[in-house]
Amino acid sequence: MTGSLSCVTERILLPDHGKQLSCRHMNRFFIIFLLVLLLSLPALAETRLMTVSDLHYMAPSLYRGSELFLHVLRNGDGKVPQYGEELLAALYREIIAQQPDALIVTGDLTFNGEKKSHEALADWFSRVEAAGVPVWVIPGNHDINTSPVGFDQYSYFPTESVTPEEFASIYADFIGTGTVGFSYAVPVGSGLTVAMSDVSMYQEQAQTFGVFTARHAAWLEGVLKGNAAVITATHHSLLPHTDFSKENYLMFGHEDMQALLEKYNVHLNLSGHMHIQHVAREGSLYDAALGAFCIWPHRYAAVTLRDDGSLMYEAKELNAQYLPDGFLDTSREWFAGIARDKAIASDIAGTGIEKEAMADYAARFNLAYFSGTYRADDAAWTSDPAYALWEKQKDSLFWKYMRLVMAEANGENLMLGGRRSSATLTGMKQRHGVKDAQR
Ligand SMILES: [Fe+2]
């Protein structure tokens with residue numbers, strides 16, 4: 001969505017997204033999960049990459065001191081660009097500490113495509129590269145040919161976006177060469193190739209959807225033919241993640257990309273866009289949608305190609321020690337407060353205390369859904385007294401949203417770990433073993 005103020009409130013409806021869980025049982029800094037796939041490569045040195053998505057960074061000069069900006073965010077989808085500097089500082093320390101072989105950024109770099117935000121972010125990428133970590137980016141639907149605005153204290157004003165040519169210039173050091181948009185392949189570490197696949201649509205004006213075209217297919221097949229171990233990266237989803245979310249987030253032409261990856265035994269695509277942490281699987285192909293960096297719990301992921309040819313994906317949270325004291329609590333409460341407000345506003349009936357209880361439940365539910373920790377089979381959700389109150393709110397929009405999420409079989413979300421996921425992982429190892437390199 002672009003144009004005027006509506007551009008900054010695009011994703012305000014929580015039902016745009018989906019999925020959460022009870023943090024009572026989780027260590028906040030718990031390293032969430034992994035998938036292991038044997039690529040049957042010859043012995044190689046370990047390759048480690050870090051990936052992050054949906055930074056939605058905004059240059060402070062475009063909102064500093066603006067009450068209106070905070071008001072817009074408070075009615076938004078949980079993003080906290082007002083803390084963008086703190087988040088980037090923490091991510092930088094994380095990168096320095098881990099020294100990955102590359103940082104992969106899968107789109108929606110900026111809040112809504114502001115040129116100033118792009119320029120500032122590119123400066124930050126330069127600092128990362130100066131520290132010895134190559135950075136590779138693709139744009140998302142919020143990055144090019146948008147209609148962004150900046151904010152004064154109580155008003156907003158148009159600000160410059162970027163054309164594809166300007167994007168190419170600003171990020172010249174962080175994009176490779178290719179013939180289909182900003183699609184390119186880069187070698188990372190020892191023997192891994194990352195096919196950065198730009199499926200976003202922005203040639204005339206930014207569109208929300210993504211498309212994998214025949215031109216993408218021809219380019220990608222060339223990459224796959226020429227490289228032994230490949231993973232891909234897209235902004236939009238490659239696989240359906242949830243019934244609730246797939247309509248808005250799955251790229252058009254995903255079947256063609258999936259078929260191509262299966263043909264060449266590619267097992268992993270890194271994506272973002274949903275803002276929800278969720279890993280989907282079809283056969284031996286995984287689409288790991290990374291939770292948005294701009295919302296609590298501010299995820300990034302580590303991908304490791306081990307020397308035995310196995311590939312591991314881990315979703316992580318920023319080290320709290322790299323953030324200001326209390327930051328994660330503040331950010332979590334920001335996101336929770338938005339859900340509470342939406343729940344209260346969604347035509348629920350009851351006493352004041354009952355409404356408070358329902359709003360608190362809605363907030364916890366939404367946090368779990370987005371952070372990838374919601375478990376539909378966790379009885380605590382239905383035995384909660386507030387659940388009984390919610391069951392009486394048949395016409396409430398928020399109840400309908402929660403029911404949709406609850407009704408979905410989410411056992412395929414490998415981020416959840418646990419019984420089903422473990423079984424799946426075991427099965428994956430057995431079925432795929434050491435075989436896939438023969439192509
Ligand atoms: Fe997006």
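View A. Leucine 103 stands opposite valine 135 in S4. In this predicted model, the chain leaves S3, passes through helix H3 (residues 115-130) and reaches S4, a β-α-β crossover that is right-handed. S3 and strand S4 (residues 135-138) are paired in the parallel sense, with four bridges between them.

**View B. Strand S2 beside strand S3.** Strand S2 (residues 47-52) runs parallel to S3, and four bridges join the two. One of the residues involved is valine 52, whose bridge partner in S3 is valine 105.

**View C. Burial of strand S3.** Strand S3 spans residues 102-106 and is mostly covered, with five of its five residues buried. In a regular strand, side chains alternate between the two faces of the sheet. Ala102, Ile104 and Thr106 lie on one side of S3, and Leu103 and Val105 lie on the other.

**View D. The loop at asparagine 227.** Asparagine 227 is located in the loop that lies between helix H5 (214-226) and strand S9 (229-233). This residue counts as partly exposed because it has 17 C-beta neighbours inside 10 Å, whereas a buried residue would need 20 or more and an exposed one 12 or fewer. Valine 194 is 33 residues from asparagine 227 along the chain, and the C-alpha atoms of the two are separated by 9.8 Å.

Key. Residues are numbered from 1 along each chain as its sequence is written. This is a predicted model: local features need pLDDT of at least 70, side-chain atom pairs count only at pLDDT 80 or more; totals for chains, interfaces and linings use all residues. Two strands pair if DSSP finds at least two bridges between them. A crossover is right-handed if, with the strands pointing away from the viewer, the path from the first strand over the helix to the second runs clockwise.
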